[in-house]
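Subject: Handing over the structure

Dear colleague,

I am passing this structure on to you, together with a short account of what was found in it. Please look through the sequence and the coordinates below before reading on.

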Amino acid sequence: MTNRNRNVPPLAVSGLTVAYRKKPVLRDVTFEIAERQLVGIIGPNGAGKSTLIKAILGLQPALSGEALIYGKPYKVNRKLVGYVPQRESVDWDFPTSALDVVMMGRYGHLGLFRRPGARERELAMDCLDKVGMADFAHRQISQLSGGQQQRVFLARALAQDATLYFMDEPFAGVDAATEKAIVTLLNELKRNGKTVLVVHHDLATVADYFDSVLLLNGEVIACGPTETTFTPERLQQAYGGKLAFVARSEREPAGAAGNGR
Amino acid sequence: MLNLLTDPNLRWILLGSMLLGLSGGVIGTFSYLRKQSLIGDTLAHAALPGICIAFMLTGVKSVGLFLVGALLAGAAATLSVTLITRYSRIKPDAAMGIVLSLFFAVGIVLLTRIQHSSYGNQSGLDKFLFGQAASMTSSDLYTLGGVALLLVIACGLLYKEFKLLSFDPGYGRGLGFPMGLLEQLLLGLTTVAVVVGIQAVGVVLVAALLITPAVSARYWTDRLGVMTVLAGLFGALSGAAGAWISSGVSQLPTGPISVLAATACFVASVLFGPRRGLAAKLLGRRSARRRWLAESAGVAARANIQAAMQATAQAAVLTDGQANVHDNAHPNVHSAAHANERGTSV
């Protein structure tokens, strides 16, 4: 963290192109994120939102381009980055407790061979408390509801004590209470000087939750402050033929639109 | 059979089989949790041609050489599976099915050639098919025991890393752990566990000592640490049972007996495991049903009492003492009683 200074953006992506087989999923993606921002990554299914995060984190090889974390490659500044994968990415029947999963957030700081101890346990408890899950610390993870599992993943990312966070659809399939808990947490992270990028699907809440948006559909449609960037024209561009549905769902009451995931 | 406790040679065999079962159970826990139960079977079947080639090249029966041959063959087999899944649409289970039968076929062909040719002391090589713990020499046992201990120690040292690898490898990579390397290492350890287990249990059945104890252990606990220890324990018990019974009754192969013992363990776990077991599930459902019935009966009774209370309150004047008694029993009678008191005082 010593090499951070005010002029270096937390995330600068330039010319990033990613292909799974032949066809590029992401083409020449270039954007910059300013510090202390909650950024929504918005776009239709298959727009490459998750792929973008995976490519930035080096989980998916890129054909060209680079992503700089605080001005350095990801490999150098890895410790500054926290990642919340999609909830479905793991088997929740794994024999472990919520507290154990959160402690995994400290593994990177421990390095090879060293086991987590009392200090890690305490820190993990604090993180669970922050997401309102302290009472479930010793619960086996399959006995948690979907929203509670999502909160455990968030607590694990908190335990990493990063400054730049990537969250892949944390709001997917969670109830109102968890959604509110996540929003509170996002704002607290921002107050503490962190930057958070969130893959988000519910267009109705974008304006409420995020300072900036990154509109994506294979390439960057727009990136900037929510007020000026999150406009119907830009959405039309990002969602293409699906806009008819988008416009209709926007006219519906917020609650109904919120369920449209 | 009882001479096992007095005969020092048999005691060694028992100890060796237990160590093999222990390491198989511990390593198997991770294979099972990584949903790679079949990988042990692939490695075991692939080991046979490796062992045969090692014997044909050197003409010596030595566990160390066989280990090297089996490791190389196992590496070739896992590499084939990886290549097939990466460059085609074939799923891993199908790829493993293809590879394990191919390697096993090659192994059987080589084994038959060895038996029908003039290689030195080839007798006993066929024991690798079904295992014969009693055929282990004491120097074999030292090697096997040492390797088994090494496996358990490696799993202990890298417990945290293997846990991460089994639960969420993508996240682990994000944390900066060399997940690809750890995966290869775990595969290597699995190969070693399989190869050292082959002499006791045999190529065909050694996979059972990886998977069955791990699956059984899952029924008893929700903690990975406890599960690993239990799987090791179940594996050791199965190995001991196999060695003991087969050395007592002549000509009985060790492997099948060990597998039968492991399966008995598994059946007991399925039936009696707390929470996950069948008995616990049945009992849980029954008690939930009883509780629900009692609760709904209670609701009905409370409604009746309330109705009765109102009736008596209207008919007679309530003393304070009586009211308190009823307060303790049913909080919602309280308001009814007070409402009636107010009603009478007005």
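How many residues does the contact take from chain B, and how many from chain A? Please keep in mind that this is a predicted model. The contact takes 19 residues from chain B and 17 residues from chain A. On the chain B side, α7 (159-167), α8 (169-175) and α11 (224-248) each supply at least two of the residues that touch chain A, and the largest share, five residues, comes from α8(B). Sorted by class, this side of chain B has eight nonpolar, four polar and seven charged residues.

Chain B itself has 15 helices and zero strands. Of its 346 residues, 43% count as buried, and among the contacts in chain B with a separation of 6 or more, 72% are between residues 24 or more positions apart.

Helix α9 (residues 179-201) of chain B packs against helix α10 (residues 206-218) of chain B at an angle of about 115°, with the two axes 8 Å apart. Since angles of 65 to 115 degrees count as roughly perpendicular, α9(B) and α10(B) are therefore roughly perpendicular to each other. From α9(B), the residues B:Ala193, B:Val194, B:Gly197, B:Ile198 and B:Val201 meet B:Val206, B:Leu209 and B:Leu210 in α10(B), and the residues of this contact divide into seven nonpolar, one polar and no charged.

Turning to chain A, you will find an open sheet of six strands there, with mixed pairing and the order β6-β7-β8-β3-β9-β10. At its edges stand β6 (81-84) and β10 (220-225) of chain A, each with a single partner strand, so one side of each is left without a neighbour in the sheet. Neighbouring strands of this sheet are turned by 15° against each other on average, with direction ignored.

Within the sheet, strand β3 (residues 38-42) of chain A runs parallel to strand β8 (residues 195-199) of chain A, and four bridges join the two; A:Leu38, for instance, has A:Val196 in β8(A) as its bridge partner.

With kind regards

Conventions: Residues numbered from 1 in each chain as written. Chains lettered and ligands numbered in written order. Predicted model: local features only at pLDDT ≥ 70, side-chain atom pairs only at ≥ 80, totals over all residues. Axes fitted to C-alpha atoms, helices over the stretch in contact; angles between N-to-C directions. Parallel < 35°, antiparallel > 145°, perpendicular 65-115°, else oblique. Contact = placed C-beta atoms within 7 Å. Nonpolar A, V, L, I, M, F, W, Y, C, P; charged D, E, K, R; others polar. Pairing = 2+ DSSP bridges. Buried ≥ 20, exposed ≤ 12 C-beta atoms within 10 Å, placed from the backbone.
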